[in-house]
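Please look through the sequence and the structure before reading the points below.

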Amino acid sequence: MSEKKQQKYDIAYMRMALEWAKLSYCKRRQVGALIVKDKMIISDGYNGTPSGFENYCEDENGYTKWYVLHAEANAILKVASSAQSSRGATLYITMSPCKECSKLIHQAGIIRVVYHVEYKDNSGLDFLKRAGVQLKYLESVED
């Protein structure tokens, strides 16, 4: 695929991930993720509490509860429970992954990560670079 066409797809998928983020109940930060393979969305996720838990991500002091799942972890877990494989896929994520999620991304066989906003700690990106995962910062989602 040409670089120009890939950029067009990257923007479109990131816009979808940004819309998906709006489904999160988290107040501090809403993050969305899509996993795409062969131009097909095979999984999606947003940050939130595990299934069956209350839809409140923050405690009474405004801190994020320890058991809140990140968007990319939710998307990876969702694809893992399906017949699909994320090996060779691209992850579109509205915020760059933390170090814990970066390990999941690598182990899931995802080979490319496109992100929109940088997380305050870049150790997750550093790990993915070291693992050979292609990274793309997509600052603008305009055509």
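This is a predicted model: local features need pLDDT of at least 70, side-chain atom pairs count only at pLDDT 80 or more; totals for chains, interfaces and linings use all residues.

1. In helix H4, which spans residues 123-130, the buried residues are Gly124, Leu125 and Leu128. When one looks down the axis of H4, these buried residues fall within an arc of 95°, so they line one face of the helix. On the other side of H4, by contrast, Lys129 and Arg130 are exposed.

2. The buried residues of H4 pack against helix H3 (99-107), and they also pack against strand S4 (112-117) and strand S5 (134-137). Just after H4 comes Gly132, which takes a positive phi of about 85°.

3. Turning to the aromatic residues, the structure holds five aromatic pairs. One of them is formed by Phe53 and Tyr67, whose rings are 5.2 Å apart centre to centre, with 45° between the planes, and this pair is tilted. Both Phe53 and Tyr67 lie in the loop between strand S2 (40-46) and helix H2 (71-80), so the pair ties together parts that are 14 residues apart in sequence.

4. Trp66 is exposed, with a relative accessible area of 79%.

5. Finally, Tyr9, Tyr13 and Tyr92 form one aromatic cluster.

How values were computed
Residues are numbered from 1 along each chain as its sequence is written. Side-chain values use heavy atoms; hydrogens and water are left out. Buried means under 20% relative accessible area, exposed over 50%, partly exposed in between (1.4 Å probe, protein chains only). Helices (H or I, at least four residues) and strands (E, at least two) are DSSP runs, numbered from the N terminus. The arc is that of the directions from the helix axis to the C-beta atoms. Contact means heavy atoms within 4.5 Å. Rings of Phe, Tyr and Trp (its six-membered ring) pair if their centres lie within 6.5 Å; planes under 30 degrees apart count as stacked, over 60 as edge-to-face and the rest as tilted.
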